[in-house]
Amino acid sequence: MQRHHFAHALLPEGWADDVTIAVDDGGWIRSVTAGAPADGNGHAGVAVPGMPNLHSHAFQRGMAGLAERRGAMEGNFWGWREVMYRFLAVLDPDDVAAIAAQAYVEMVESGFTAVAEFHYLHHDPQGRPYADAAEMAGAIGRAAVESGIGLTHLPVFYGFGRFGGGPADPGQRRFVTTPDRFARLVEASRSALAAVPDMAVGVAPHSVRAVTAETLAAVVAEAAGGPVHIHVAEQQREVDECLAWCGRRPVDWLLDEAAVDGRWCLVHATHVTPAEVARMAAARAVVGLCPITEGNLGDGIFPVPALLEGGGLLGIGSDSNVRIDVAEELRLLEYGQRLRDEARNVVAAGAGQSTGRALFELALDGGARALGRRVGRLAPGYRADFVLLDDGHPALAGRSGDHWLDAWVFAADGRVVKAVWIGGRPVVADGRHVARDAVRRRFGATMRRLMAA
């Protein structure tokens, strides 16, 4: 049994001082005691729960910055997607493992301690299944183990390239599959990842345009009660094409055709009506927001106040991993609302309430729900994932309570994260991941080779 003593910690009931957290050998919190003096293994600073990252395409960390030129191809989301297809066309499993490890190390250093990997790169560059259906899933698992990050693996079903079962594009050949092959892939992924500590497996129908009602039902059945994630209504063109196909908007189609509930995460949902927002909130589905990526791709801004007014849930994800930073995701989430509404402190729970605290706790709760794991709280029975903020950082100096979170989200740089434990294991000390140097060297060598090719 480990015991960690923190000068200050954010518990479910609020801030507390002199907090001792007991962690069992399996990496789970057994007890939390506040108001007790340090009894060895004391940590100066501010402890908060580790943040769940509810949406990641880890391999895209390797293409960050490659589509930042104005032109016929890169001027919108669909042009960016073509760049992505060209990049993934040359990746092998070792490349994916190296890139994913770099992304996960950066996540952990930023304060993410668990990730939902929305994984659709299944086949070889010619679109042929690997002899081991879980070859690519195994690469993700190796990266998770090396970084220490908690993993919810989401094999993606991509059956079609157009609404209503239209053919896929050549650039999609590495992830297009059938329901039968997908079932085998999910089973193989569960086996391949069994050695990853505290791992979960769900499923991810890629999007409304990549499924039919029949294939969607078959894919969801493979979740076996686990998480179900789907991209929906990210771009206005997607909405227009869906309306032309069936006369319904993507979110309405999904909620009409599937029994969406609290296991589901609807990623982006950028272009929605008030009625669709109300339906998502009533279904208790988590809305997965990725503000850095949504800003980078020009997606748009989701109407957070309407979701919260209906009692809805949200979380944050790093998605394309063009930049990885917990605080920046939360900051841009709030700033997007401010720019649209010409107001301040939009997400704050009420008069006099902290915006940083509201953002942080919303993302903790929604992220944990979306990952299907007991994370996001410093409480007995939860995973021992905690992040230590440096209260000596200039942005946090002289602050206390919710002002620590406000300063981290709105005023600090990345150096405010001092240490991180995942499952009770120390993985970041003095702001550096224990595997940073080795992972960075391998990532650098991989990227130099890929860029030369």
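The model is predicted: local features need pLDDT of at least 70, side-chain atom pairs count only at pLDDT 80 or more, and totals for chains, interfaces and linings use all residues. Residues are numbered from 1 along each chain as its sequence is written, and side-chain values use heavy atoms, with hydrogens and water left out.

Tyr104 is also one of the residues with the most contacts inside the largest nonpolar core, together with Leu254, Trp264, Met280 and Trp408. A nonpolar core is a set of buried Ala, Val, Leu, Ile, Met, Phe, Trp, Tyr and Cys residues joined through side-chain atoms within 4.5 Å. Buried denotes under 20% relative accessible area, exposed over 50%, and partly exposed the range in between (1.4 Å probe, protein chains only). The largest core holds 131 residues, and its largest share, ten residues, comes from helix 2 (residues 93-110). Helices (H or I, at least four residues) and strands (E, at least two) are DSSP runs, numbered from the N terminus. At least three residues of this core come from each of domain 1 (2-49 + 378-437) and domain 2 (51-371). A second, separate core comprises 15 residues, including Ala9, Leu11, Ala47 and Phe386. In soluble globular proteins, nonpolar side chains tend to be buried together.

The protein chain is thus described by two domain entries, domain 1 (2-49 + 378-437) and domain 2 (51-371), with bounds that come from an automatic or database domain assignment. Their centres, taken over C-alpha atoms, are separated by 28 Å. The contact between them takes 27 residues from domain 1 and 30 residues from domain 2.

Turning to the strands, an open sheet of eight strands shows the order 3-2-1-4-14-15-16-17, with mixed pairing. Two strands pair if DSSP finds at least two bridges between them. Strand 3 (29-33) and strand 17 (432-433) are the edge strands, each pairing on one side only. Strand 15 (residues 417-422) and strand 16 (residues 425-429) run antiparallel and are joined by three bridges; Ile422 stands opposite Arg425 in strand 16. Strands of a sheet pair through backbone hydrogen bonds, either parallel or antiparallel.

Parallel pairing is found around strand 11 (residues 264-268). Five of the five residues of strand 11 are buried. Five bridges join strand 10 to strand 11, and Ile230 has Leu266 in strand 11 as its bridge partner. On strand 12 (residues 286-289), three bridges link to strand 11, with Gly288 as the bridge partner of Val267.

Grid points are joined across faces, edges and corners, and a volume is the space filled by probe spheres set on the points. Two cavities of 30 Å³ or more are counted. The largest cavity contains about 220 Å³ of space and is lined by 23 residues, of which Phe77, Trp80, His206, His231 and Glu234 lie nearest its centre. Helix 1 gives the largest share of this lining, six residues. The largest pocket has a volume of about 360 Å³. Among its 19 lining residues, Glu106, Ser110, Ile324, Asp325 and Gly414 are the closest to its centre; helix 2 and helix 11 (326-341) each give two or more residues to the lining.

Gln60 lies in the loop between strand 5 (51-56) and helix 1. Gln60 is buried, with a relative accessible area of 2%, and touches Trp80, Met84, Tyr120 and Ser320, not counting residues up to four places away in sequence.

Most residues other than glycine have a negative phi. Phi of Asp198, in contrast, is positive, near 45°; Asp198 belongs to the loop between helix 4 (179-192) and strand 8 (200-201) and is partly exposed, with a relative accessible area of 24%. Ala224 has a positive phi of about 50° and is exposed, at 65% relative accessible area.

Note on methods:
On a 1 Å grid over the protein atoms alone, a cavity is a set of points where a 1.4 Å probe fits but cannot get out, and a pocket is an open set with protein on both sides within 12 Å along at least five of seven lines; lining residues have an atom within 4 Å of a point. Contact means heavy atoms within 4.5 Å.
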